[in-house]
Structures are given as C-alpha cells and as structure tokens.
Amino acid sequence: MAIWIPDLDGRTGPKYLQIVAAMAEDIASGKLAAGARLPPHRELAYRLAVSANTTARAYAEAVRRALLRGEVGRGTFVRSPDGRKDGETANSLHRTRSGPIDLSRNLPLQGFAEPHVRRVVEEIAHGSRLPALLDYQADDDLAFHIRAGQAWLDHCGVSAGPDEIVATAGGQHAVLCTLMAVLQPGDLLLTEALTYMPVRAMAARLGLHAASVAMDREGAIPEAFEDLCRHAHPKAFYLTPTLQAPTTVTLSHERRRAIADIAGRHGVILIEDDVFGPLKADRPAPLATHAPDHTVYVTSLSKTVAPGLRVGFARAAEHLLPGLRHAVNVSVWMTPPLTLEIAARLIVDGTAAELAARQRQVAEQRQALARALLGDSGLVSDPHGLHVWMPLPEGWRADAFRARCAQHGVLVSEARSFAAEAAGAPDAVRICLSHEIDEARLQKGLRKIAQLLHDKTGNYELGL
C-alpha cells in the first residue's frame, strides 16, 4: 500500500495542525480507513520536508483528538470513527443488553411488529398465494403490492397512480436505484452539507461528482441551492426534508416551496428521502406535492414499522419510471415478493399505520427523557424524532468528545461522520435514542454524556 502523504496545499497555520486537518479530512472521506497504518513520523517528515518534531507533534495531536491510536512495537493506526477497536462488531447492528451503550445507531425500536408479522406469516403459509410468492413475479402478480404502496404513499401525504410506483428492497435501495436511473458518470449530485453519508459513497461508486448545499438552523438554504444551480449545473439534489439526519430539522413549508420552485426552473431532479416522514404527523406537505414532475419520492417501512422489513416505495413521474424499474432489475431483479406480501398486508389492514403511531409515541417519551437529562442548552431535537443533535459547549472538540464517550462505554456519532466537507464540520454529535432496547441503559448513557459535557479536562472519573 502506498504511503499516506497529506495534501497541505492552500492550508495555513502551524504546519503540525495542517497535517492534522488533512488527516481528519482523509479519514472522513474514507481515503484513510479505520485500522490503516500510518507511516512512522520520521518517514513522513522526510517526505514532507519538515522536521521530525513537527510530524511527532501532529501525531500526538491526532491521538489527543481520537483520530489515531498508537500500539507499542506496531505503529500508529487510524481509529474507528465510532470508537470501536478493529474487528469489534464495527458493522454489527445487533442490539444487546451488555457492553457499550450504543447511541450511534439511528434505528427504530424493535419488538412492536413481531406479533403482527407472525400473524401475517401464518396467514400466508395457510393461504393460496404462497406458491406464486416463491416464484418470479410478472406485472400482474404485483398488483396487490402496488395498491398497498399507493396506500402507504397516501399515508405519507403523496398521491400516486399505480403506474407511478416502484417497489424496492428498502429506502436505501430506492435511493441507489434513483441515482442509477437519473444520473450518469460525471454528473453533479447535490446533498445537504450534513447528510446521510451512504449517499456520498453511492455517488463515488457510480462515478458522480458531489457538492453540498449550505445549511442553517432551519435546514438547507434555498439561496445556496439556487446559486449552485446557476454556476455548477447539478443534475439532482438528494435531501431529507423531515427529521433530517443528523440535525433533526424539518424544512418549513416556505423552504419546501422555494426549493421545489428552484428545481423546476433549473431542471434539477429532487430525491426526497422521507423515511422518517410517517413519524411526524404535523410535517409540511412533501416536496413531491410541490414538484411532482421533478421529484423522486422515497419512503419505506424500515424506520417506522420494523427495521428488518426491507420494503420501500419510490414514486416518480412517468419519464423517470423506466430508468427506475431498470435499476431495480439490474440490482436485485425483483423486490422479494414474500417480504412485499407481508408488508402489503400490514399496510392494507391498517397495522403499519398503527405501528408507526406506536413508534411516534415511544419517540416522544424518549425525547422527553433526553431533554430532562441533557438539558435544553444547545440541544436540537424534535418530539417525534429518533435522535437528537447536540452542538458541544466551548472547550470540546467533537472527535475528542466522541472518543471520551467511548472510553466510558457510550457510543455516539460526531458531525464529521455526516459532513460533506470534513473541514467545515461543526463540533457537534448525534445521539440516537431508539437503538437501545432497555430504557435503563439509555438513561445511563445519557447521564454519562451529561456528566462529560461538564468535564472538558477528563480529570475525574465518571460514576458508572
């Protein structure tokens, strides 16, 4: 593997801090992966034509910021951004009642859907449709599933004809298929400045260029979007207007109308990721209602009904549908019909809406708990959301705070994990409230975070 050389062009300030800034950006972008071994500081000093003291100081500062870890006799390695050690269930989504308290996973609560799914599975097993569901599907076979998709979209506030809907294997799959359908390699995709990072990874894999739309406390700024439309000529804009991850912001009606109008005037496709939409009953109308010809609307059941029920629906105008259907065929050939059948029955009999309401109710309870334990100072949240956004007080850097939490058995996500431009990431963390099964563990984790907020030096031990 080639030696890592930081790009210091255009940077100002002390040289060792320039190296640290370049390192942070390369870690955030994935150029430096978790577990990657860095060159010895003397070798890096030689390559950069700086003193060994400068690179040693840079490495020491990176360790302090929890970007790196040193191992005696082995070298210096990039730390995992979530505080886990290499190979320590970094990609595991299992929920446990022991070990670190995981407030880094933005998953809905589990358990509500189980008896209902069990009932539906038994009905399917003893019904006449099972043989057809175990075979490849023709268009006629999908009619019931598409009608269910219409009903779910209607529940989300979007009207759609049966010929405007594509079923997918979850919301993330719907987003990927949309990118495949509406963009070509070299096209420009816009995202919010803080965004769902798998979309940036998808863009890179598909050979797309990416840029970000500036945000303020109310979300994506329409004027910033229009400026990019005028000067950069983007093809599409991916955004989450409701309960945005990570900031929790819901775009106002006025901003939605403005963004839809700008997209229409400049011919930009809006990719509206509304997987959290059903949790917020009082949200403004979706973007798709303002710009139906320029919006691909994405929803799913994973965040609101059951996380393992990987079923999503995309609604798009007629001219975009052939590409969407082709992308589904290329990626999975067909959305698994048995899973679709389960989801469709839950939607049609009203169970899905009831489960979404139950998620909303528990979200309200946990949001109230977070406010009680963390206080209102700087905390950004929504009563119906599954996470909170916490700008850190002066004296705390986000990377150091995340690492300090991990040292005390609490996992959170720092802003850098969501930032399109790592150098501009705010000192803030996202705290997820629904991944932990046991509310007592959630309380314990929130109390530890509250204690840490007042300990900028780490000179005392937290009570466990």
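Modeller: The model is predicted. Ask away.

Biologist: Which residues gather in a patch of negative charge on the surface?

Modeller: The patch is formed by Asp135, Asp139, Asp140 and Asp141. Aspartate 140 sits in the loop between helix 5 (130-133) and helix 6 (143-155).

Biologist: Why is aspartate 140 called exposed?

Modeller: Exposed requires over 50% relative accessible area. Aspartate 140 has 72%, so the label applies.

Biologist: What makes the contact of glutamate 25 and arginine 11 a salt bridge?

Modeller: The cut-off is 4 Å between a side-chain nitrogen and a carboxyl oxygen. For glutamate 25 and arginine 11 the N to O value is 3.1 Å, so the pair counts as a salt bridge. Glutamate 25 lies in helix 1 (residues 15-29), and arginine 11 in the segment before helix 1, 14 residues apart.

Biologist: Why is glutamate 25 called partly exposed?

Modeller: Buried means under 20% and exposed over 50%, with partly exposed in between. Glutamate 25 has 24% relative accessibility, so it is partly exposed.

Biologist: How do you know whether arginine 230 and glutamate 226 are buried or exposed?

Modeller: Arginine 230 has 52% relative accessibility, over the 50% limit, and therefore counts as exposed. Glutamate 226 has 13%, under the 20% limit, and is therefore buried. The two form a salt bridge, with the closest N and O atoms 3.7 Å apart. Both lie in helix 9 (residues 222-232), four residues apart, about one turn of the helix.

Definitions and conventions. Residues are numbered from 1 along each chain as its sequence is written. This is a predicted model: local features need pLDDT of at least 70, side-chain atom pairs count only at pLDDT 80 or more; totals for chains, interfaces and linings use all residues. Side-chain values use heavy atoms; hydrogens and water are left out. Patches are made of residues with over 30% relative accessible area and no salt bridge: like charges are joined within 9 Å, nonpolar side chains (Val, Leu, Ile, Met, Phe, Trp, Tyr) within 5 Å. Accessible areas come from the Shrake-Rupley method with a 1.4 Å probe; for residues, only the protein chains shown count as cover. Lys and Arg count as positive and Asp and Glu as negative; His and the chain ends are not counted. The place of a charge is taken as NZ of Lys, CZ of Arg, CG of Asp or CD of Glu. Helices (H or I, at least four residues) and strands (E, at least two) are DSSP runs, numbered from the N terminus. Buried means under 20% relative accessible area, exposed over 50%, partly exposed in between (1.4 Å probe, protein chains only).
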